[in-house]
Amino acid sequence: QGMELDKLQVFTEVTKRDARQIDSAAREGALVTGMYLEGARWDVNSNSLEDSKPKEMFTRMPVINCKAGPQQDRDDKNIYICPTYCVPTRQPHFVFAAQLRTKQPS
C-alpha cells in the first residue's frame, strides 16, 4: 500500500476468546495466542488491565488481534502501552508495544 515499514506500528485488540474458541483466521491482522502478563492480569468481564491477585505473578492473556497501521502520536486516555517480549527474561527480545485498556488514567 505504499507505506514505509518504519512508519507503521502494531495495534492490539484483546478479544474475549481463548485459543480453543478460534476456528478461522482474522479478517484483518493476526490472532496471537500464548501471551502472558507479568505483575498484572486481564479482566475479561471489564475487558481491561487490572492489578494482579495475591501470589499471581504471571497470567495468561486471551487471544489478541494484532494489526499494522500508520503510527499515531496521540495519547489515548486509559490505555497502557505495554512492552511485549518474546521470552520471559524480557531481554533482549523486545517485539512491540501493545495497547491495553485500563481503568487507571495513563
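Analyst: A polar contact is a pair of N or O atoms within 3.5 Å; within protein, one must be able to donate a hydrogen and the other to accept it, and residues adjacent in sequence count only if both atoms are side-chain atoms. The model here is predicted, so local features need pLDDT of at least 70 and side-chain atom pairs 80 or more, while totals for chains, interfaces and linings use all residues. Residues are numbered from 1 along each chain as its sequence is written, and side-chain values use heavy atoms, with hydrogens and water left out.

User: Which backbone oxygen does the side chain of Thr59 reach?

Analyst: That of Ala40, at 2.9 Å. Thr59 lies in strand 6, residues 58-60 (a strand is a DSSP run of E, at least two residues, numbered from the N terminus).

User: Is Thr59 buried or exposed?

Analyst: Buried means under 20% relative accessible area, exposed over 50%, partly exposed in between (1.4 Å probe, protein chains only). Thr59 has 9% and is therefore buried.

User: How many salt bridges does the whole structure hold?

Analyst: Side chains of opposite charge can pair when their charged atoms come close. The cut-off is a side-chain nitrogen of Lys or Arg within 4 Å of a carboxyl oxygen of Asp or Glu. The search finds four. One of them joins Glu13 and Lys67 at 4.0 Å, N to O. Glu13 is in strand 1 (8-14) and Lys67 in strand 7, so this pair ties together parts 54 residues apart in sequence. Glu13, at 44%, is partly exposed, and Lys67, at 26%, is also partly exposed.

User: Which residue pairs with Asp18?

Analyst: Arg20, at 2.7 Å, N to O. Asp18 is partly exposed at 28%, whereas Arg20 is exposed at 75%.

Terms used
Helix = DSSP H or I, 4+ residues; strand = E, 2+ residues; numbered from the N terminus.
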